Amino acid sequence: MFFDFLIEVKMPNNRSQVFGAWKELHSMCIAAEMATRIDPDTCLVNIRQAMEILFTGLYLDAGNTELPDTLSATMRECKRIPGLWVERKDINPFYELKKEANEIVHISKEVSGVRKYEITDRHANVEMACHLTIKLYDSLAKLFRVNSKMIEPTMLPFGEYEVINKIEKRPYESIEGDYKYIVRKKNDNISTYAYIRPFLNTDDRTVFNDRDMEAQMFFKNMRGSNSIIKGDELRTSRYCDLKYLKYEIQENTRTLDEIAEKLKPYELLDIIEQITNGLSNLASSKISIHHRGIRPTCIFVTSFDDGYEAKIGCFEMAKIDYSEKNMETVYSWVSQAASKNIYTHPLLRSDGEYDGNDWEAGDVYSLAVIMVSSLDPTVEKTGIIDTSALYDYYSDDFIDELDRITQAASLKQIPSIREFDEMLKKELVNGED
């Protein structure tokens, strides 16, 4: 965690003296850091408490005994301690922190000398919590004469999960913000990894998050869902303005768009066949789930010594047909999100009446376009799907089939998911020969 520099930190004006309250300060700052993106209100409470610990500790370590009644008075006294500040203005960020935090947090009462905090009528958002956490970090690093790192808000942790990589959002993705994240949680000597996608948590914008969670509930009880990457909602506070979907991954799991250029043509073909086969196994007499948003960023690939394992996730646009319950449609949101998505068939980019066969054809179309774009990166930039770029890699018959799918004017001209899977398997056998 970023605040680990506080472990046994030395007094600014006496480098041979360890700051007496370093454990309490370190613990509170880590708590603030971990709450930043999942519980902004608690983050600000922790920042406010960290400042109490900091200035009380500085005051007592300077040899004082009679502690002032308020934080403001303690800060005022600490301004006068010789050698504590490099420059007089270095204390100003702490005053700014206190002022900004007080907009959200105030002391409700004091019990046995311990101040209790509560949230005002206004709640903090993630952006504010990130801003104040970074300001606290910078201010403490300067006070204790420690070389600080440049921290971007996007690199702050999600609770116990520290960010180890951030990935830019593609234009066709429905997430909130500019990034998705690969994160790690350490438990003793074991690390677990996850892929986190943020969504806006407001009444009219939780539809994508909620639909993915609905689909996940079905997957838990569906045969043939082994090819689905399992996801769950990361627990956040009630008033947090963002929600997060968390997918369990392995350390070397990446989405297809990240590794496509490194794949050999038949490795790519095998990955697409795994996804196609998995989707074809989802349909049953009771439940049928169509993805409706397949793109390279929702195909998760893990490398092994003997090849790749592929799974599909990100079902926030899914069409769920369930014989025992009428599932609410989210298509108005889907058409809006897919309006400029080259992986969505042109007919499905606007509102219309479509049945399960149409949505299945749409998924097949998406997978065929991914086959082309993974080997021809210009597809995403130009929107032009030209299968001739694949003639160096696959058989003529297979490329002709891909061309018929990607150029189909009608969804009825596109094969079923099972027919497409057989087509992929046949080409894989040709490749082995």
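1. Contact here means heavy atoms within 4.5 Å. On that basis Ile119 touches Asp41, Val45, Ile104, Val105 and His106, leaving out residues up to four places away in sequence. Ile119 belongs to strand S4 (residues 114-119). Its relative accessible area is 28%, so Ile119 is partly exposed. Ile119 and Asn14 are 105 residues apart in sequence, and their C-alpha atoms are 37 Å apart in space.

2. The overall picture comes next. This is a predicted model. The protein chain has 433 residues, and buried residues make up 52% of them. Its secondary structure comes to 13 helices and 14 strands. Taken along the principal axes, the C-alpha atoms fill a box of roughly 85 × 45 × 40 Å. Among contacts with a separation of 6 or more, 64% are between residues 24 or more positions apart.

3. The largest nonpolar core has 70 residues. Which of them touch the most other members? They are Ile272, Ile289, Tyr394 and Phe420. Helix H10 (residues 356-375) gives this core its largest share, 11 residues.

4. Phe420 deserves a look of its own. Leaving aside neighbours within four places in sequence, Phe420 is in contact with Ile272, Thr276, Val364, Leu367, Ala368, Leu402, Ile405 and Pro415. Ile272, one of these partners, is also named with Phe420 among the core residues that touch the most other members.

5. Ser280 is found in helix H8 (residues 265-280). Is Ser280 buried or exposed? Its relative accessible area is 4%, and buried means under 20%, so Ser280 is buried. Not counting residues up to four places away in sequence, Ser280 touches Ile417, Arg418 and Asp421.

6. Side chains of opposite charge can pair when their charged atoms come close. The count of salt bridges in this model comes to 19. Arg48 and Glu52 form one of them, with the closest N and O atoms 3.1 Å apart. Why are Arg48 and Glu52 separated by about one helical turn? They are four residues apart in helix H2 (residues 40-61), which means a separation of about one helical turn. Both Arg48 and Glu52 are buried.

7. Asp90 and Lys142 meet through their side chains in a salt bridge, at 3.4 Å from N to O. Asp90 lies in the loop between helix H3 (71-78) and helix H4 (92-101), and Lys142 lies in helix H5 (residues 126-143), so the pair ties together parts that are 52 residues apart in sequence. At 10% relative accessibility, Asp90 counts as buried.

8. Arg295 pairs with Glu316 in a further salt bridge, where the closest N and O atoms are 2.9 Å apart. This pair links distant parts of the chain, 21 residues apart. Arg295 sits in the loop between strand S11 (287-290) and strand S12 (299-304). Glu316 sits in the loop between strand S13 (307-312) and strand S14 (319-322). Arg295 and Glu316 are both buried. Elsewhere, a network of salt bridges links Glu96, Glu100 and Lys135.

9. How many cavities of 30 Å³ or more are there? The count comes to two. The largest cavity holds about 40 Å³ of space. Its lining consists of Arg292, Tyr343, Thr344, His345, Leu348, Trp359, Gly362, Asp363 and Ser366. By class, that lining has three nonpolar, four polar and two charged residues.

10. The second largest pocket has about 400 Å³ of space. It is lined by 16 residues, and the closest to its centre are Arg37, Val126, Gly177, Tyr181 and Leu242. H5, strand S6 (179-187) and strand S9 (242-249) each supply at least two lining residues. The largest share, three residues, comes from H5. The lining of this pocket divides into nine nonpolar, two polar and five charged residues.

Conventions. Residues numbered from 1 in each chain as written. Predicted model: local features only at pLDDT ≥ 70, side-chain atom pairs only at ≥ 80, totals over all residues. Heavy atoms only, no water. Salt bridge = Lys/Arg side-chain N within 4 Å of Asp/Glu carboxyl O. Buried < 20%, exposed > 50% of the residue type's maximum accessible area, 1.4 Å probe, protein only. Core = buried A, V, L, I, M, F, W, Y, C linked by side-chain atoms within 4.5 Å. 1 Å grid on protein atoms, 1.4 Å probe; cavity = no way out; pocket = protein on both sides within 12 Å on 5 of 7 lines; lining within 4 Å. Points joined across faces, edges and corners; volume = space filled by probe spheres on them. Nonpolar A, V, L, I, M, F, W, Y, C, P; charged D, E, K, R; others polar.
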